[in-house]
Amino acid sequence: MADAVHTRRVFSGIKPSGGLTMGNYLGAIKRFVEMQSPDTMSIYCVVDLHAITVWQDPADLRHATRELVAAYIASGIDPDQSILFNQSQVSAHAELGWIFNCVARVGWMNRMTQFKDKAGKNAEKVSLGLYAYPSLMAADILIYHATHVPVGEDQKQHVELTRDIAAKFNHDYKVDFFPQPEPIIDGPATRVMNLRDGSKKMSKSGVSDMERINMTDDAALIAKKFKKAKSDAAPLPESVEGLKGRPEAKNLVEIYAALSDSSPEAVIREFGGAQWGRFKPALADLAVARLEPISLEMARLMQDPAEIDLILAKGADKANAIAQPILDKTYDIVGFVRG
Ligand code: TRP
């Protein structure tokens, strides 16, 4: 079958559900920036269709969408090098999502652990969209024939489902049309934990603001949160193995490694045996040096929402130019008659 795509195409997305944290930055945005390169087509999406699988106030959604774009750009996503847009402006996502709803099996969806976690005991009351979410995610990736998908550990199962959907589509229609995308889960901080409890993910919805670093926090607050971060009684270990069973220590070392573009091994080489009284202020300084310029630039960009909307419109045009021919071809394969 023609149309096989051999170039490296990266796709990833983040939900504009408000409250971006350092976890989103280290675990996603920073890695997306690093994947920009001349031999890669990189497509980064603000997945607003995914956001409304749980209730979003419209004004808040608009604000969160623009703020996420500001975060992408302030962190180094170049809208001339990458395609940066919001999902709802490229209707091919929703259209291919429907076709995939008819390819994916209910049994597959029932195995999605994220749905089970999110729906919990409330499964009868959550939206049908939340249940179908992974099938739309498969469409996001495959509508570009993307080959690489940088995600956090929690999204691995969804990328595997995407591969199953691609394989079943190809098999059912006897084509070799959709590629098998690879999840890319790398870097020292693909799972940034909360600063008060190293067993829980850093999340915008955690009870205390002290447990997370928000991308909009100023320098003083960032420093304060790191200095008050929970640690333990022992000094830093002399080797990375010594971080086992010490979730808070491990998290802080991994954050330091990610912020300094190094590795936990390198951090331990520098700080092994150090007391927290030395490590935490160093971490606070590093975090301020890395994150403050981004939050200042985000604030500057947010002063001109019209400019952000223009960037999204241009990105959507570029995305559409890739997605539409793939959707047209899919419609042909499926047997939809078009005049
Ligand atoms: N489900 C992802 C998350 O919650 C967001 C997302 C939607 C995504 N579509 C995607 C990520 C496609 C990678 C590729 O983090």
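Colleague: Let's start with one side chain: is Arg 246 buried or exposed?

Modeller: First, a friendly note: this is a predicted model, where local features need pLDDT of at least 70, side-chain atom pairs count only at pLDDT 80 or more, and totals for chains, interfaces and linings use all residues. Residues are numbered from 1 along each chain as its sequence is written, and side-chain values use heavy atoms, leaving out hydrogens and water. The relative accessible area of Arg 246 is 14%, and the classes are buried under 20%, exposed over 50% and partly exposed in between (1.4 Å probe, protein chains only). Arg 246 is therefore buried.

Colleague: Which residue forms a salt bridge with Arg 246?

Modeller: A salt bridge here is a side-chain nitrogen of Lys or Arg within 4 Å of a carboxyl oxygen of Asp or Glu. For Arg 246, the closest N and O atoms of the pair are 2.7 Å apart. Both partners lie in the loop between helix H9 (219-227) and helix H10 (247-259), so the pair ties together parts that are 14 residues apart in sequence. The partner, partly exposed at 26% relative accessibility, is Asp 232.

Colleague: And which residue forms a salt bridge with Arg 163?

Modeller: The closest N and O atoms of this pair are 3.7 Å apart. Arg 163 lies in helix H8 and its partner in strand E5 (residues 182-184), so the bridge ties together parts that are 19 residues apart in sequence; helices (H or I, at least four residues) and strands (E, at least two) are DSSP runs numbered from the N terminus. Arg 163 is partly exposed at 24%, and the partner, partly exposed at 40%, is Glu 182.

Colleague: How many salt bridges are there by this rule?

Modeller: Another of the pairs joins Asp 332 and Arg 338 at 3.7 Å, N to O. There is also a network linking Lys 30, Glu 34, Asp 261 and Arg 290. The count of salt bridges comes to 18.

Colleague: Where is His 158, and is it buried or exposed?

Modeller: His 158 sits in helix H8 (residues 156-172). Leaving aside residues up to four places away in sequence, His 158 touches Met 112, Gln 114, Tyr 133, Pro 134 and Met 137, with contact meaning heavy atoms within 4.5 Å. At 2% relative accessibility, His 158 in helix H8 is buried.

Colleague: Which helices each supply at least two residues of the lining of the largest cavity?

Modeller: The lining is made up of Met 112, Gln 114, Phe 115, Lys 118, Leu 130, Tyr 133, Pro 134 and His 158. The helices are H6 (113-119) and H7 (128-142).

Technical notes. On a 1 Å grid over the protein atoms alone, a cavity is a set of points where a 1.4 Å probe fits but cannot get out, and a pocket is an open set with protein on both sides within 12 Å along at least five of seven lines; lining residues have an atom within 4 Å of a point.
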